Amino acid sequence: MGLTLDDVEHILGIPVRGLAVYTEDERTPKRLLMDFLGLSKEVAENAIASNAFKGYAVKLSWLEMNFKEVSETDTDERVVCYARAYLLYVIGCTLFCDKSGGFVQLDLLPLLEDLDQVRTYGWGSSCLAFLYRHLGYASRRKAKQIGGFLILLEAWINEHFPTLHPVLDPEYTEELPRARRWCLHSESGTSVEHYRRVLDDLLVDEVEQAGSDLKTDLLGEFMLLLKPLQILSNVGLRDGDGDILLHSKL
């Protein structure tokens with residue numbers, strides 16, 4: 001048992017079927033800024049020379065500061081550029097969050113060129129692949145941070161591990177994505193040490209497993225169930241600066 005595409009669609013409410021989130025665009029960061037965000041050559045060069053950029057990665061704070069709002073006098077083309085910047089910011093904060101939680105890759109911009117086509121991509125499947133990649137990184141002995149959309153992982157854990165006593169959000173309604181049903185770990189007031197003790201005592205029949213027989217290959221199923229949670233226990237849900245691992249070529 002593990003996170004599946006069905007879980008992503010059910011928990012996040014985003015499409016898992018569609019065009020691949022993939023681009024072979026070879027434009028430089030400066031060219032991407034000019035072509036998709038409407039910056040002049042001089043402004044783009046100055047931006048890249050700042051500490052807001054690391055190769056193709058740009059700080060989310062830079063996007064927020066430079067594309068905060070539009071005015072009634074802005075042209076339609078400028079509004080579209082701001083919309084792309086906003087979508088890139090959202091993607092970097094959620095689906096493809098890197099270990100530092102503060103950067104996103106500029107080479108995702110070609111996927112946002114036609115705003116009417118954005119909905120046709122299978123964002124959910126790429127989000128899941130990206131999360132599994134980072135779970136693999138985090139399982140290494142010296143790992144201290146973790147990337148990926150951890151709200152998805154946390155919501156999945158809350159759905160299937162009731163003995164962890166997830167906290168229900170009193171403002172949740174069925175019209176909202178399933179992930180909104182639970183309060184975030186940081187808001188629950190429960191320590192990582194508590195979850196480690198619960199995991200140590202966890203029994204197979206204390207796991208809510210949909211669509212499968214818990215009595216089949218219990219040991220194998222048990223190990224698969226625990227792996228994502230063991231990773232979270234090892235890294236302690238800590239934040240910190242790390243190498244930028246995000247790349248749109250998933």
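Predicted model: local features only at pLDDT ≥ 70, side-chain atom pairs only at ≥ 80, totals over all residues.

Reader: Why are α1 and α7 called roughly perpendicular?

Author: Helix α1 (residues 5–12) and helix α7 (residues 150–160) pack at an angle of about 95°, and their axes lie 10 Å apart. Angles of 65 to 115 degrees count as roughly perpendicular, and α1 and α7 are therefore described in that way.

Reader: Which residues make the contact between α1 and α7?

Author: Helix α1 contributes Asp7, Val8, Ile11 and Leu12, while α7 contributes Leu152, Ala155, Trp156 and His160. By class, this contact has 6 nonpolar, 1 polar and 1 charged residues.

Reader: What makes β1 and β2 a pair of strands?

Author: Pairing requires at least two bridges, and 2 bridges join β1 to strand β2 (residues 57–59). The two run antiparallel, and phenylalanine 53 stands opposite valine 58 in β2.

Reader: Why do β1 and β3 stand at the edges?

Author: The open sheet has 3 strands in the order β1-β2-β3. Both β1 (53–54) and β3 (103–105) have a single partner strand, so one side of each has no neighbour in the sheet.

Reader: How do you know that the sulfur of cysteine 93 is too far for a bond?

Author: The closest cysteine sulfur, in cysteine 97, is 7.2 Å away, whereas a disulfide requires sulfur atoms within 2.5 Å. The count for the model is 0 disulfides.

Reader: Is cysteine 81 buried or exposed?

Author: Buried means under 20% relative accessible area, so cysteine 81, at 6%, counts as buried. Cysteine 93, with 34%, is partly exposed.

Terms used:
Residues numbered from 1 in each chain as written. Heavy atoms only, no water. Axes fitted to C-alpha atoms, helices over the stretch in contact; angles between N-to-C directions. Helix = DSSP H or I, 4+ residues; strand = E, 2+ residues; numbered from the N terminus. Parallel < 35°, antiparallel > 145°, perpendicular 65-115°, else oblique. Contact = heavy atoms within 4.5 Å. Nonpolar A, V, L, I, M, F, W, Y, C, P; charged D, E, K, R; others polar. Buried < 20%, exposed > 50% of the residue type's maximum accessible area, 1.4 Å probe, protein only.
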